[in-house]
Amino acid sequence: MKNILKIKKNLQKMLSSKFHKNIDLNNLKIMNEGEYLNAAVFRYYDGELDLTIKDFSTTPWIIKNTLGRLFVLREGSALKKLSTNPSITKNVIFLSDYTLAFNFIEGKPLKKIKDKTIPKEFFVTLEKNIMAIHKKDIVHLDLRNLGNIIMGNDGLPYIIDFQSYLSIKYLPNKLKNILKGADITGVYKCWERKCSEPLDQKRKNYFEEFKKIRKIWIFKGYPLKRLKEKIKSLKK
C-alpha cells in the first residue's frame, strides 16, 4: 500500500509553494490510491482552489523516473494544447516531474449514470469536441472506457485521462483516419449504452463498419495494466 499521509504532506508543500498560501491537509482527499504502477489521485478543495492532482512519487523508483515522468509530461502537455476545447479541464500545473494538477470537474462519469437516460445533445456535443481535438492532431484512444467521459454538473461532456493519447501529426492519412475512428466509435458505444435516443442510421453504419477493424486493433487495454500483468507473469 502507498503511504498516503507522506504523499499528502509532499503535496501540501508543493501547493503551498505554488500558490503562496497555507494548505490544510484535511482539504486533500484521496480519490484513487492507484495500484503500485499507477498514479495516486487526489482532490484538493478549499473554497478557492478545486484541483485534481495525479502523483507518481511513491511508485517504484524505475517506474517513477520513466513512465511516471513520461505520463505526467505527456498528459500535461496534451491538456495544455487542448485548453481551449470546452470538453477539457483548465489550469494545468506541473507541481513536480511526477505530479500534475488541473481543475477538478464536477460531475459523474458515464459508467455511473443509468442506461438510456442521457439526452442526444450530450453526445452530439461530445462528438463535435472530439473532432476539434483531432484537428489538433491528438487522439485519445481510450474513449470506450465509460469512466473517461464525464457528464458535468452543467450538463456538458468532459473528457479525462489522456495518458494513452497519441499524436497523429506525422502519420499517414489512412492511419490517422483509423485512429480518429477509434475515438468517434468510442462515443457511439457510449451513445448506444447511455443515450435516450438510438444512433441514427449513418452513425450506426459507421460504427458497424469500424467493428471489422477492431478485430485487428493493436491499441487494446491500458498500457500500465498490461505492464503490470507482464511483470506478474515474469515473477511466476
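Let's start at the hairpin of strands E8 and E9, where four residues sit between the strands and Gly-155 takes a positive phi near 85°. Keep in mind that this is a predicted model.

**Around strand E8**
- E8 covers residues 149–152, and E9 covers residues 157–159.
- These two strands run antiparallel and are paired over three bridges, with Ile-149 standing opposite Ile-159 of E9.
- E8 has another antiparallel partner in E6 (residues 107–109), and three bridges join them.
- Across that pairing, Pro-109 has Ile-150 in E8 as its bridge partner.
- In a regular strand, side chains alternate between the two faces of the sheet.
- In E8, Ile-149 and Met-151 point one way while Ile-150 and Gly-152 point the other, and all of them are buried.

**A charged patch**
- Strand E6 also holds Lys-108.
- Lys-108 gathers with Lys-111, Lys-112 and Lys-114 in a patch of positive charge on the surface.

**Around strand E5**
- E5 (residues 99–103) is mostly covered, with four of its five residues buried.
- On one pairing, E3 (residues 50–55) meets E5 in the antiparallel sense over five bridges, and Leu-51 has Asn-103 in E5 as its bridge partner.
- E4 (residues 93–96) is also antiparallel to E5, this time over three bridges.
- Phe-94 has Leu-100 in E5 as its bridge partner, and a hairpin of two residues joins E4 to E5.

Key:
Residues are numbered from 1 along each chain as its sequence is written. This is a predicted model: local features need pLDDT of at least 70, side-chain atom pairs count only at pLDDT 80 or more; totals for chains, interfaces and linings use all residues. Side-chain values use heavy atoms; hydrogens and water are left out. Buried means under 20% relative accessible area, exposed over 50%, partly exposed in between (1.4 Å probe, protein chains only). Two strands pair if DSSP finds at least two bridges between them. Patches are made of residues with over 30% relative accessible area and no salt bridge: like charges are joined within 9 Å, nonpolar side chains (Val, Leu, Ile, Met, Phe, Trp, Tyr) within 5 Å. Accessible areas come from the Shrake-Rupley method with a 1.4 Å probe; for residues, only the protein chains shown count as cover. A salt bridge is a side-chain nitrogen of Lys or Arg within 4 Å of a carboxyl oxygen of Asp or Glu. Lys and Arg count as positive and Asp and Glu as negative; His and the chain ends are not counted. The place of a charge is taken as NZ of Lys, CZ of Arg, CG of Asp or CD of Glu.
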